[in-house]
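Here is a short briefing for a reader who is new to this structure. Please look at the sequence and the 3D view before going through the points.

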Amino acid sequence: MTRIATWNVNSLRVRLPQVLAWLKADSADLLAVQETKVEDEGFPRSEIEAAGYHVLYCGEKTYNGVALISRTPVTDPCFELDPADPQRRFLAATLGGVRIINVYVPNGSEVGSEKYTYKLRWLEHLGRYLMSARVRYKHVIVLGDFNIAPEDRDVHDPATWFGSVLVSEPEREAFRCLLQAGFVDLFRIFCADGGCFSWWDYRAGAFRRNLGLRIDHILATETVAACCRRCYIDPAPRGNTRPSDHAPVVAEFDGLAMLGA
DNA sequence: ATGGTAGTGTAACTA
């Protein structure tokens with residue numbers, strides 16, 4: 001069994017003890033991390049290696065930053081989606097026979113803003129990249145913080161959120177475009193329910209009241225999806241003292257190693 | 001019309 005997960009940690013320096021504890025308890029084989037908020041020079045590499053993991057990272061000061069933490073080393077790393085974009089939001093590598101693509105999609109700030117336009121352009125770019133990645137690698141998992149709640153059942157209060165950033169129709173259309181590149185939302189194979197969220201605002205007791213959104217996703221090509229036995233959100237770390245505002249999303253696979261053979 | 005909280009870094013931004 002292979003367990004692959006994604007978690008926006010909102011500062012890896014602050015959350016490192018929680019991340020290492022979670023990895024140990026949940027024995028993930030690979031964890032894709034977003035919002036590390038640390039430059040490569042200051043990355044806590046030795047602490048992660050001392051805990052028995054390999055790690056790749058691509059970060060910057062204060063904002064963004066992604067990493068791949070794994071039990072066994074990954075190969076063939078790629079650190080950028082667009083060489084012209086200085087924001088560190090992308091990290092890809094191969095684990096066994098599967099290409100792993102870790103993304104921190106821009107938040108978009110507000111519909112109609114410059115950041116929103118940047119988000120839609122970034123998603124267009126990702127869509128094109130995934131089309132070619134699927135041809136080149138065949139078996140692909142793309143996971144991370146997509147900053148999009150794909151449908152109303154992924155939103156605690158669709159009426160209040162209607163048309164706003166993370167939920168707006170152009171963002172949802174961009175998400176459907178990613179799926180149309182040949183990917184399956186693993187969580188929705190197993191669960192059709194509403195009320196399942198991966199992010200809750202720090203404010204107004206949102207987690208306690210389960211006022212959240214499902215914006216962190218694990219997508220996979222169909223042969224990989226066929227190996228998936230379970231995909232779930234682990235809300236427990238969101239209840240920690242000094243938590244990230246996101247919860248980890250986990251996918252479990254049988255026979256994933258066979259795909260590369 | 002934009003509270004409420006958290007991280008970075010020490011004011012104001014991003015989420």
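Asp254 and Arg229 meet through their side chains in a salt bridge, with 3.5 Å from N to O. The two partners come from distant parts of the chain, 25 residues apart. The model behind this briefing is predicted. By the rule used here, it holds 15 salt bridges.

**Salt bridges**

- Asp254 sits in the loop between strand S14 (249–253) and helix H8 (256–260), while Arg229 belongs to strand S13 (residues 228–233).
- Asp254 has a relative accessible area of 36%, so it is partly exposed. Arg229 is also partly exposed, at 45% relative accessibility.
- Glu171 pairs with Lys119 in a salt bridge, and their closest N and O atoms are 2.5 Å apart. Glu171 is in helix H5 (residues 169–180) and Lys119 in helix H3 (residues 114–137), so the pair ties together parts that lie 52 residues apart in sequence.
- Are Glu171 and Lys119 buried or exposed? Both are buried.
- Asp152 forms a salt bridge with Arg172, where the closest N and O atoms are 3.0 Å apart. This pair also links distant parts of the chain, 20 residues apart. Asp152 is in the loop between strand S8 (140–145) and helix H4 (158–161), and Arg172 is in helix H5.
- Asp152 is partly exposed, at 42% relative accessibility. Arg172 is buried, with a relative accessible area of 8%.
- A network of salt bridges links Asp154, Asp185, Arg188 and Arg214.

**DNA strand B**

- Sugar and phosphate make up 64% of the atoms of DNA strand B that come within 4 Å of the protein.
- The surface near DNA strand B has seven charged, four polar and four nonpolar residues.
- For Arg15 the distance is 3.0 Å. For Thr62 the distance is 2.8 Å.
- Arg203 has a side-chain N or O atom 3.0 Å from a base oxygen of DNA strand B.

**Around Ser11**

- Ser11 is located in the loop between strand S1 (2–8) and helix H1 (12–26).
- Ser11 has a relative accessible area of 14%. That is under the 20% cut-off, so Ser11 counts as buried.
- A polar atom of the Ser11 side chain lies 3.3 Å from the backbone nitrogen of Val14.
- Beyond its neighbours within four places in sequence, Ser11 is in contact with Glu35, Thr36 and Lys37.
- Ser11 and Val38 are 27 residues apart along the chain, yet their C-alpha atoms are separated by 7.4 Å.

**Nonpolar cores**

- In soluble globular proteins, nonpolar side chains tend to be buried together.
- The largest nonpolar core has 36 residues. Within this core, Ile4, Leu68, Ile100, Ile141, Leu186 and Phe253 touch the most other members.
- What does Ile141 touch, not counting residues up to four places away in sequence? Its partners include Ile4, Val98, Ile100, Ile218, Val224 and Phe253. Arg99 is also among them.
- Another core lies apart from the largest one and has 23 residues, including Ile148, Leu178, Phe183 and Leu219.

**Thr2 in strand S1**

- Thr2 is part of strand S1.
- Thr2 is buried, with a relative accessible area of 17%.
- Leaving aside neighbours within four places in sequence, Thr2 contacts Asp29, Ala251, Glu252, Phe253 and Leu256.

**Positive phi angles**

- Ser27 is a residue other than glycine with a positive phi, near 40°. Ser27 lies in the loop between H1 and strand S2 (30–34). At a relative accessible area of 42%, Ser27 is partly exposed.
- Lys37 is a residue other than glycine with a positive phi, near 55°. Lys37 is found in the loop between S2 and helix H2 (45–50). With 27% relative accessibility, Lys37 counts as partly exposed.

Technical notes:
Residues are numbered from 1 along each chain as its sequence is written. Chains are lettered from A and ligands numbered from 1 in the order in which they are written. This is a predicted model: local features need pLDDT of at least 70, side-chain atom pairs count only at pLDDT 80 or more; totals for chains, interfaces and linings use all residues. Side-chain values use heavy atoms; hydrogens and water are left out. A nonpolar core is a set of buried Ala, Val, Leu, Ile, Met, Phe, Trp, Tyr and Cys residues joined through side-chain atoms within 4.5 Å. Buried means under 20% relative accessible area, exposed over 50%, partly exposed in between (1.4 Å probe, protein chains only). Contact means heavy atoms within 4.5 Å. Helices (H or I, at least four residues) and strands (E, at least two) are DSSP runs, numbered from the N terminus. A polar contact is a pair of N or O atoms within 3.5 Å; within protein, one must be able to donate a hydrogen and the other to accept it, and residues adjacent in sequence count only if both atoms are side-chain atoms. A residue is near a molecule or strand if one of its heavy atoms lies within 4 Å of it. Ala, Val, Leu, Ile, Met, Phe, Trp, Tyr, Cys and Pro count as nonpolar, Asp, Glu, Lys and Arg as charged, and the others, Gly among them, as polar. A salt bridge is a side-chain nitrogen of Lys or Arg within 4 Å of a carboxyl oxygen of Asp or Glu.
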